[in-house]
Amino acid sequence: MEEKQLAVQAGEIGPDGFPTLTVVVDGCWAKRSYRNNYSSLSGAAAIVGFRTKKVIYMGVRNRYCMVCSRAAAANEQAGRHCCSKNWHGSSSSMEANIIQEGFMNSVAMYGIKYTKIIGDGDSNVYKTILDSRPYDALQVEKLECKNHLFRNFCLKLKDLVKDSKVGPIILRKCLGKIFFV
């Protein structure tokens, strides 16, 4: 509600009367890996207000339930329990699904619309939001997070340094010394 109030004070109201917010979105997986392994059994994502830095929406997805798994291993039917498994898709699609859910529920939950998102370079999240059209005619705008942009730039430079087909070894070594000491 604080984020909504600040948007109203700033005059950020859409043509339909709903306050429009800029939010930061990101997700994480229980298994930590960068760019090579996307098989985590659990993931979480959050939508955070840009002004207040407070969590507006959060979700968790689990592809695993201990009770169900033990019952399956024993070739038995799982007894009555509070099952934690709430996801059957891929691990890499957990983040996009949670963020999409937050966008789809923003009007009903808070009477707000997220018009700008700041996020990492994950185009899957933005594409999922665009495809779901949470606000009919309103187009959500994506802004790149400068920290993620810089990290991705550095990763590309590291790849260049390691790639023998890119250029002379002397230049690649020089680049490696400057950035990756």
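# A salt bridge to start with

The side chains of Lys 113 and Asp 16 meet in a salt bridge, 2.2 Å from N to O; the term stands for a side-chain nitrogen of Lys or Arg within 4 Å of a carboxyl oxygen of Asp or Glu. Lys 113 sits in strand E4 and Asp 16 in the loop between H1 and E1, so this pair ties together parts that are 97 residues apart in sequence. You are looking at a predicted model, in which local features need pLDDT of at least 70 and side-chain atom pairs count only at pLDDT 80 or more, while totals for chains, interfaces and linings use all residues. Residues are numbered from 1 along each chain as its sequence is written, and side-chain values use heavy atoms, with hydrogens and water left out.

**Salt bridges**

- By the rule above, the count comes to five salt bridges.
- Lys 113 counts as buried at 10% relative accessibility, and Asp 16 as partly exposed at 40%; buried means under 20% relative accessible area, exposed over 50%, and partly exposed in between (1.4 Å probe, protein chains only).
- Arg 61 and Glu 101 also join their side chains in a salt bridge, at 3.2 Å from N to O.
- Arg 61 belongs to strand E3 and Glu 101 to helix H3, so the pair links parts that are 40 residues apart in sequence.
- Arg 51 forms a salt bridge with Glu 12, and their closest N and O atoms are 2.8 Å apart.
- This pair ties together parts 39 residues apart in sequence, because Arg 51 lies in the loop between E2 and E3 and Glu 12 in the loop between H1 and E1.

**A buried charge without a partner**

- Glu 3 lies in helix H1 (residues 2–9); helices (H or I, at least four residues) and strands (E, at least two) are DSSP runs, numbered from the N terminus.
- Glu 3 is buried yet has no salt bridge, and the nearest side chain of opposite charge, Arg 51, is 4.7 Å away. Here Lys and Arg count as positive and Asp and Glu as negative, while His and the chain ends are not counted.

**The nonpolar core**

- The largest nonpolar core has 20 residues, and those with the most contacts inside it include Val 23, Phe 103 and Tyr 114. Such a core is a set of buried Ala, Val, Leu, Ile, Met, Phe, Trp, Tyr and Cys residues joined through side-chain atoms within 4.5 Å.
- H3 gives this core its largest share, four residues.
- Leaving aside neighbours within four places in sequence, Tyr 114 is in contact (heavy atoms within 4.5 Å) with residues including Leu 21, Ile 47 and Val 140.

**Helix H3**

- At 1.5 Å a residue, the 17 residues of H3 should span 24 Å, and its end C-alpha atoms are 23 Å apart, which agrees. The expected span is 1.5 Å times one less than the number of residues.
- A kink of about 40° in H3 is centred on Met 104; the bend at a residue is the angle between axes fitted to the seven residues ending there and the seven starting there.
- After H3 comes Gly 111, whose phi is positive, near 70°.

- Most residues other than glycine have a negative phi.
- Asn 75 is not a glycine, yet its phi is positive, about 60°; this residue is exposed, with a relative accessible area of 74%.
- Arg 133 has a positive phi of about 45° and is exposed at 52% relative accessible area.
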